[in-house]
Amino acid sequence: QFQPYKGHLRTKAVNGSLICETPECSMAAALIIANMDVTVNPCDDFFLFACGGFINNNPAPPNSGTFDTAGDLLSERLTLILESPAEDSDPPPLFMLRRAYDACMNTDYMNSLGLAPLWSALQGIGGWPMVDPAWEEASYSTEESLASLRDLNISPMLGMAISPDIFNTSHFMIYVGEGSPGIS
């Protein structure tokens, strides 16, 4: 026997099945149905049955694939989600994400800070002698600067990663390669 979900989506048990009656569930159900092609027999071509409506309603532009179109649609929807104001009733991860997005988009505030955050970051990695007249070589440590950069996920000399072995994915490999300035 199913137990009703008591969280944000508020399900209830009806005749042995769980039913969600929130606006989010209704919108999701409508979107799923709109992206189906019910004229196709699912036993003949399940993919076209499940996704045929999306393919018919979103033809791929020339020189583009379905993944490009889906990616564009996803980007538009994510932007709408992020640009909605953060509300106390949002689930905590969404609330934090919207607050972080707002902070990143607040260019007026960033401009009001000027170069202070950059200056502070430079001092945290040992300074920059070309712009700091008070910089002293005796107090500088290359090792400490590189360690500080690594803490910021910047690897100017060597980059390292642990990833599945491309020839045997049941094993992991340590990959060492060229560094990255941390800017993309």
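This is a predicted model: local features need pLDDT of at least 70, side-chain atom pairs count only at pLDDT 80 or more; totals for chains, interfaces and linings use all residues.

User: Where is Ser-141 in the chain?

Analyst: Ser-141 sits in the loop between α6 (116–124) and α7 (142–151).

User: What makes the pairing of the Ser-141 and Glu-143 side chains a polar contact?

Analyst: A polar contact needs a pair of N or O atoms within 3.5 Å, one able to donate a hydrogen and the other to accept it. The side chains of Ser-141 and Glu-143 make such a contact at 3.3 Å, so the distance falls within the cut-off. A polar atom of the Ser-141 side chain also lies 3.2 Å from the backbone nitrogen of Glu-144.

User: Why is Gly-126 called partly exposed?

Analyst: Gly-126 has a relative accessible area of 27%. Buried is under 20% and exposed is over 50%, with partly exposed in between, so Gly-126 is partly exposed. Gly-126 is found in the loop between α6 and α7.

User: Which residues does Gly-126 touch, not counting those up to four places away in sequence?

Analyst: They are Trp-135, Tyr-140 and Ser-145. Touching here rests on heavy atoms within 4.5 Å. As for Glu-144, its C-alpha atom is 7.7 Å from that of Gly-126, and the two residues are 18 apart along the chain.

User: How do you know that the span of helix α2 is close to the expected one?

Analyst: Helix α2 covers residues 46–57, which is 12 residues. At the start of α2, a side-chain oxygen of Asp-45 comes to within 3.4 Å of the backbone nitrogen of Phe-47.

User: Which residues of α2 are buried?

Analyst: Phe-49, Gly-52, Gly-53 and Phe-54 are the buried residues of α2. In the protein chain, buried residues make up 12% of the 184 residues.

User: What lines the largest pocket?

Analyst: Its lining consists of Glu-24, Met-27, Ala-28, Leu-31 and Arg-77. Helix α1 (residues 23–34) gives the largest share of the lining, four residues. The volume of the largest pocket is about 190 Å³.

User: How many helices and strands does the protein chain have?

Analyst: The protein chain has seven helices and four strands. Along the sequence their pattern is β-β-α-α-α-α-α-α-α-β-β.

Notes: Residues are numbered from 1 along each chain as its sequence is written. Side-chain values use heavy atoms; hydrogens and water are left out. Helices (H or I, at least four residues) and strands (E, at least two) are DSSP runs, numbered from the N terminus. Buried means under 20% relative accessible area, exposed over 50%, partly exposed in between (1.4 Å probe, protein chains only). The expected span of a helix is 1.5 Å times one less than its number of residues. On a 1 Å grid over the protein atoms alone, a cavity is a set of points where a 1.4 Å probe fits but cannot get out, and a pocket is an open set with protein on both sides within 12 Å along at least five of seven lines; lining residues have an atom within 4 Å of a point. Grid points are joined across faces, edges and corners, and a volume is the space filled by probe spheres set on the points.
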